[in-house]
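Me: Please take a close look at one part of this model, namely its aromatic side chains. I would like a connected account with the criteria stated.

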Amino acid sequence: MLFQSLDYAVFLVFAVAVYWALSWHRLARLCFLFGVSCLFYMAWHPAYIGLILGSSLLDYVASVKIHGTSDHRTRKVWLVVSIGANLALLGVFKYYNFGAEAAEDLFGLLGMEFVLPHLKWLLPVGISFYTFEAISYTVDVYRGICSPAKSLLEFWVFITYFPRLVAGPIVRPREFLPQLMSKPSLDVTRASRGLFLIAVGLIKKVAVADILSINLVDRVFASPDFYSATEVVIGLYAFTMQIYCDFSGYTDVARGSAMLMGLELPENFDRPYQSRNPAEFWRRWHMTLSTWLRDYLYFPLGGSRVGPARAYFNLGLTMFLIGLWHGASWTFVFYGLLQATAMVGHRFVHRWRNRNDGDPSEPDTVAVTVFKVFLNLQFVVFSRILFRAEDLANAKHVASRLFSGTYSTAQVSMWMWVLLVGTFALHYVPRGFFRSLEVRFLRLPHAAQGVVFALAMIGLRFVASSEVVPYIYYQF
């Protein structure tokens, strides 16, 4: 059930209406949320709802056992059981086939024939998101940061809540569980903000991401030989904007849907292409993943509080896993290695400059800032060859076209130029511009807000492609 579909619109109206009708009764409200969330997920793969519920049942039992004893050994055993089960689930469904292929290739290089069985089932939608949320829940209970959910039903609602079930944002239990426990209060301003976010998210997805994908990006990566070096570069810029509008658009719709129910989900993007270096980029891009790996991997490994060599290793490993989290293929292995190299290199240069260049707190000039933003954007754009390519051969093919010495732009239509240049320009507009648009929308009478929203949706119907384009991050 895609967010940009009429099915989801009907589903959301029904879910919001019944949710508020049951808002006075906590148990009925939670049962309804659990039911519609399961229904939403079962629209993808009905059988896999049992996978989510079964694994989260184990996490719930583990959290209760951890919270209910002071014996350190018992607590650690249950923690390991919970984390191990979630990582095993992720490993089997997402990484097993890739690992089997890699092992076969390795033995082949050694002149040995080695064949492993391959799994034929589909990757459960959103598995990387809900397994990370389950892990953070158990770890937070173990650390004493939060108490276990009061009931299995409450925990199941936390895990399955439909707006962010299949593509995030990754929600921390201490942020979301208290919202589920308290009685919701109808806040008209929050609901209006929700409508505004849904409209913005759908515009990003339908009017920008899908059009760039169908009319340029997919074609360039499918047949790079048909395009000049300049057109390939434009295609890479187009993919950079496509993936941003696709993923941040999904997050906007997810957050807006939750706001209609009086619930808050965390932001996941902060205009990442304004970043001056790789570290800042990952603080602005997919923020809930970056902070999750920081808190549950980087810091437990020792972070930067250890010796320099170990600190670089911790940072490199974390960034490598961020890359590998996105997919089980050699393209993502090398994408992770590239991000790890960039982050470690940036940290090394930053520390070296702090030792040798006087006051490190002195701000950059405007010219230096613009240059850093431009340079970092180029790294993001060209590294995404690995992110978008179907395999290493496709990545090599696309990259080789960059050096073909051809410079035509005949196959990039005027509308593609307008859309691409316009969206990049908007990305660098001061935040206050978009905030003022939201404020103006919120100041409208409620009937006028509804008219504006309806007109926006009608407009999207005219520009929407007849070809259905799923959200990119559904595959992760």
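How many aromatic pairs does the count come to, taking rings of Phe, Tyr and Trp?

Reply: The model is predicted, so local features need pLDDT of at least 70 and side-chain atom pairs count only at pLDDT 80 or more, while totals for chains, interfaces and linings use all residues. Residues are numbered from 1 along each chain as its sequence is written, and side-chain values use heavy atoms, with hydrogens and water left out.

The count comes to 49 aromatic pairs; rings of Phe, Tyr and Trp (its six-membered ring) pair if their centres lie within 6.5 Å, and planes under 30 degrees apart count as stacked, over 60 as edge-to-face and the rest as tilted. One of these pairs is Phe98 with Trp330, edge-to-face at 5.2 Å centre to centre with 75° between the planes. This pair joins distant parts of the chain, 232 residues apart: Phe98 belongs to helix 4 (residues 72-109) and Trp330 to helix 13 (residues 330-356). Helices here are DSSP runs of H or I with at least four residues, numbered from the N terminus. Phe98 is buried at 14% relative accessible area, whereas Trp330, at 40%, is partly exposed; buried means under 20%, exposed over 50% and partly exposed in between (1.4 Å probe, protein chains only).

Tyr237 and Phe424 also pair edge-to-face, at 5.9 Å centre to centre and 70° between the planes. They lie 187 residues apart, Tyr237 in helix 9 (residues 229-259) and Phe424 in helix 16 (residues 414-427), and both are buried.

Aromatic rings also meet a charge: Arg164 lies over the face of Phe158, 5.7 Å from the ring centre, and its charged end sits over the ring of Phe176, 5.9 Å from the centre. The criterion is NZ of Lys or CZ of Arg within 6 Å of the ring centre and within 35 degrees of the ring normal.

Conventions:
Helices (H or I, at least four residues) and strands (E, at least two) are DSSP runs, numbered from the N terminus.
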